[in-house]
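Work through the exercises below with the sequence and the model in view. Each task is followed by a solution in steps.

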Amino acid sequence: MARTQAKDHGAKREAILEAAARVFASEGFDRASMAALAQDAGISKANIYHYYDSKDALLFDLLDSHLKELRDRLAEVNLDGLPPAEKLHALCAEVLLAYQGADNAHRVQSAGMDHLPPEQRQILVGYQRDMVKQLSGVIAENAPDVFERDPAKLRSVTMSVFGMLNWHYMWNASADEHARRAYGAEVAKLALGGLKAL
C-alpha cells in the first residue's frame with residue numbers, strides 16, 4: 001500500500017527550503033551541511049532526508065521552486081490594453097515585489113546553478129529565458145524602430161534592465177512594497193529615457 005503524506009508535508013517542505021536558502025546563502029553551498037540545515041529548520045537531519053535524498057536534490061528543488069514561481073508570477077501580470085511604457089513599469093515593479101522575502105534564494109541562484117547537472121540547469125535556464133522573452137518583448141514595443149534589425153542590442157538592453165532589478169537586494173534588502181515600487185519606476189524611467197538615445 002502506498003504511503004500517505006502527512007498533513008503538514010507541504011509546510012515542512014517549505015520550512016526546509018527556507019532554511020536551505022538561508023544556510024546556502026550565508027555559508028555557500030559547498031560548505032553548508034545537512035546538519036546545519038536541520039538545525040536552522042528546527043527539525044532532525046533524518047527528517048530532511050525523508051524529503052530530500054541529497055543536498056543536490058535540495059538545491060535543485062529550492063531553485064526550481066524559486067524560478068518557476070517568479071516566472072509564473074510575471075506571466076500572470078495583466079498587461080492587456082496598457083501602453084508600452086506602462087507595461088514596462090508594471091513588469092519592473094512586479095519583479096521587485098516578487099523578490100521581496102526571497103533575497104536568500106536569489107543569492108543562491110547566482111552561484112548555485114553551477115553545482116547542478118546539465119539537465120537540471122537546462123530546466124532552470126528555461127524559466128529564465130521565459131522571463132527574458134517577456135521583458136524583451138515589452139522593451140521592443142517601446143522602441144520598435146531601434147530593435148527591429150538588431151536583436152543583439154535588444155538582448156543587451158533587456159539584460160541591463162534585469163541587472164538593475166536583480167541586484168537591488170545588495171543595497172536595499174529591507175525595502176518595503178512602496179520602496180520597491182518606487183525603485184521599479186526609476187528603473188523603467190531610466191530604460192525608457194535610454195531608449196530615446198539609442
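**Exercise 1.** Find which helix gives the most to the lining of the largest cavity.

Solution. Step 1: a cavity is a set of points on a 1 Å grid over the protein atoms alone where a 1.4 Å probe fits but cannot get out, and lining residues have an atom within 4 Å of a point. Step 2: the lining of the largest cavity consists of L74, L91, V95, M131, Q134, L135 and F162. Step 3: helices are DSSP runs of H or I with at least four residues, numbered from the N terminus. Step 4: α5 and α7 each supply at least two of the lining residues, and α7 gives the most, with 3 residues. Step 5: by class, the lining has 6 nonpolar residues, 1 polar and no charged ones; Ala, Val, Leu, Ile, Met, Phe, Trp, Tyr, Cys and Pro count as nonpolar, Asp, Glu, Lys and Arg as charged, and the others, Gly among them, as polar. Step 6: the space in this cavity is about 40 Å³, a volume being the space filled by probe spheres set on grid points joined across faces, edges and corners.

The structure is a predicted model, in which local features need pLDDT of at least 70 and side-chain atom pairs count only at pLDDT 80 or more, while totals for chains, interfaces and linings use all residues. Residues are numbered from 1 along each chain as its sequence is written, and side-chain values use heavy atoms, with hydrogens and water left out.

**Exercise 2.** Describe the lining of the largest pocket.

Solution. Step 1: a pocket is an open set of grid points with protein on both sides within 12 Å along at least five of seven lines. Step 2: the largest pocket holds about 430 Å³ of space. Step 3: it is lined by 19 residues, and those closest to its centre are H66, E69, G101, A102 and A105. Step 4: two or more lining residues come from each of α1 (9–27), α4 (55–75), α5 (84–99) and α6 (103–112). Step 5: α4 gives the most, with 6 residues. Step 6: the lining divides into 8 nonpolar, 5 polar and 6 charged residues.

**Exercise 3.** Is R71 buried or exposed, and which residues does R71 contact?

Solution. Step 1: R71 is in helix α4. Step 2: buried means under 20% relative accessible area, exposed over 50%, and partly exposed in between, with a 1.4 Å probe and protein chains only. Step 3: R71 has 18% relative accessibility, so R71 counts as buried. Step 4: contact means heavy atoms within 4.5 Å; leaving aside neighbours within four places in sequence, R71 is in contact with Y127, D130 and M131. Step 5: the side chains of R71 and D130 are joined by a polar contact of 2.7 Å. A polar contact is a pair of N or O atoms within 3.5 Å; within protein, one must be able to donate a hydrogen and the other to accept it, and residues adjacent in sequence count only if both atoms are side-chain atoms.

**Exercise 4.** Check the span of helix α11 and state what its buried residues pack against.

Solution. Step 1: the expected span is 1.5 Å times one less than the number of residues. Step 2: α11 (residues 177–197) has 21 residues and should therefore span 30 Å; its end C-alpha atoms are 31 Å apart, which agrees. Step 3: the buried residues of α11 include R180, Y183 and G184. Step 4: the buried residues of α11 pack against α5, α6, α7, α8 (144–147), α9 and α10 (168–172).
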